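Subject: Structure handover

Hello,

Here is the structure for you to take over. My notes on what was found in it follow below.

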Amino acid sequence: MASVLPLEPPQRLVRALEAQPDAAAVTAARTWLAGLSDQVARALRRWELTAERVVTPGGRSSVVVLVRQADGSPAALKLVAPDGAPARVRAAREQEALTHWHGLGAVRILRAAPEDGALLLERLRNEVSLRSLPEAKATLEALSVVRRLWVPVGPGHGFESVAEHTQTEVELMRAAPPPGAEPLIDAALEARAALLAAPPEDAGTVLLHGDFRQGAVLSAAGSDGRAPWLTVGPDPIVGEPAFDLGRLARDRLHDLMASTGAAAAIRRRVNKLADALDVPRERVRLWTLYRAVESAVRQAAGGAAADAEMLLEFAAWL
């Protein structure tokens, strides 16, 4: 069995975990990072895997190790980090979502040990995401993928609602506002309150990715004849589709903000996303506003002042 130990966690992940605004969460993340090599070793033994390499730069809430199964077939071992919630909770939710989607628009799950935060997934082309495509083509492909994910879930599911998921965010937004951001924070909180007070009919029953963006959609070319692009890394919740589009609307933000007529371009993008999937424009706009401001507060709390400022400027133009 090839070894990747001692494992050096990708720096993107380390920085993201260290930037969490909650001190207890940072402490939990440091404990998790210290034991990461042992966790990988246990998963390799449990499923008789041969490690090849760690995916870098990787994501901001997990480590992925490319592996071979006992029969030589490729797979991806994912170790979920405690990112606001315990690793076992986040892994269990991801397992439930991927099982529910059953490979339709999303990566397939092969095995799971959520108690250890470990998931064994089919291997996609980690180095090729929708961000490798021109903007217009990437957007079309993203919309094709996300519409497949919005499926009903029955009673007894283990997912948070959008209202529950955002409540913790609201508390941080009120507790740690960046200087001068109070008017936008007030507008974002008012938008959330209005959206939750008048939800669409299917708001409580549709499964959402939760963090859907172009970088979370990878090439599946040569996997098994399924769709050419599949999503990974869900933070699954139940709610209305406009919530997912609220994150997608700010994809490639740096390029968007640097373009001529950025404010008008932002509004056109929101409208095009809404119209393409028959989602009310105003609900997409308001969730885009809320999610941009919430992200700005988190970025500022983690020390990323420039990113926070850009997100706030984006929100002001909506």
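Which residues in H10 meet which residues in H11? Val 270, Asn 271, Ala 274 and Asp 275 in H10 meet Arg 281, Val 284, Arg 285 and Thr 288 in H11, where contact means heavy atoms within 4.5 Å.

Before the rest, two notes on the source. This is a predicted model, in which local features need pLDDT of at least 70 and side-chain atom pairs count only at pLDDT 80 or more, while totals for chains, interfaces and linings use all residues. Residues are numbered from 1 along each chain as its sequence is written, and side-chain values use heavy atoms, with hydrogens and water left out.

Helix packing

Helices (H or I, at least four residues) and strands (E, at least two) are DSSP runs, numbered from the N terminus. To finish with the pair above, the contact of H10 with H11 divides into three nonpolar, two polar and three charged residues. Here Ala, Val, Leu, Ile, Met, Phe, Trp, Tyr, Cys and Pro count as nonpolar, Asp, Glu, Lys and Arg as charged, and the others, Gly among them, as polar. Helix H10 (residues 262-276) packs with H11 at an angle of about 130°, and their axes are 9 Å apart. Axes are lines fitted to C-alpha atoms, for helices over the stretch in contact, and angles run from 0 to 180 degrees between N-to-C directions. H10 and H11 are therefore oblique to each other: angles under 35 degrees count as roughly parallel, over 145 as roughly antiparallel, 65 to 115 as roughly perpendicular and the rest as oblique. The crossing of H10 and H11 is right-handed. A crossing is left-handed if the near helix is turned anticlockwise from the far one by less than a right angle, and right-handed if clockwise.

Helix H6 (residues 162-175) packs with helix H7 (residues 182-197) at about 160°, with 11 Å between their axes. This angle makes H6 roughly antiparallel to H7. H6 passes H7 in a left-handed crossing. On the H6 side the contact is made by Val 162, Ala 163, Thr 166, Gln 167, Val 170, Met 173 and Arg 174; on the H7 side, by Ile 185, Ala 188, Leu 189, Arg 192 and Leu 196. Eight of the residues in the contact of H6 with H7 are nonpolar, two polar and two charged.

H6 also packs with H11, at an angle of about 45° and with axes 10 Å apart. That makes H6 oblique to H11, and the crossing of H6 and H11 is left-handed. The residues in this contact include Val 170 and Met 173 of H6 and Tyr 290, Val 293 and Val 297 of H11. By class, the contact of H6 with H11 has eight nonpolar, one polar and three charged residues.

Cores

A nonpolar core is a set of buried Ala, Val, Leu, Ile, Met, Phe, Trp, Tyr and Cys residues joined through side-chain atoms within 4.5 Å. Buried means under 20% relative accessible area, exposed over 50%, and partly exposed in between (1.4 Å probe, protein chains only). The largest nonpolar core has 75 residues, of which Met 173, Phe 212, Leu 245, Val 293 and Phe 314 touch the most other members. Helix H11 (residues 281-301) gives the most to this core, with nine residues. Apart from this core lies another, of 24 residues, among them Leu 13, Leu 33, Val 67 and Leu 79.

Glu 94, in helix H4 (residues 87-101), is buried, with a relative accessible area of 3%. Leaving aside neighbours within four places in sequence, Glu 94 is in contact with Lys 78, Val 80, Leu 119, Gly 233, Pro 234 and Pro 236.

Asp 116 is in the loop between strand S4 (109-113) and strand S5 (118-121). Asp 116 is partly exposed, at 26% relative accessible area. With neighbours within four places in sequence again left aside, Asp 116 is in contact with Gln 39, Arg 42, Arg 46 and Leu 79.

Backbone

Most residues other than glycine have a negative phi, and most peptide bonds are trans. The peptide bond from Thr 56 to Pro 57 is cis, with omega near 5°. Pro 57 is in the loop between strand S1 (50-54) and strand S2 (62-68). His 102, in the loop between H4 and S4, has a positive phi, near 50°. Asp 278, in the loop between H10 and H11, has a positive phi as well, near 55°, and counts as exposed at 72% relative accessibility.

Regards
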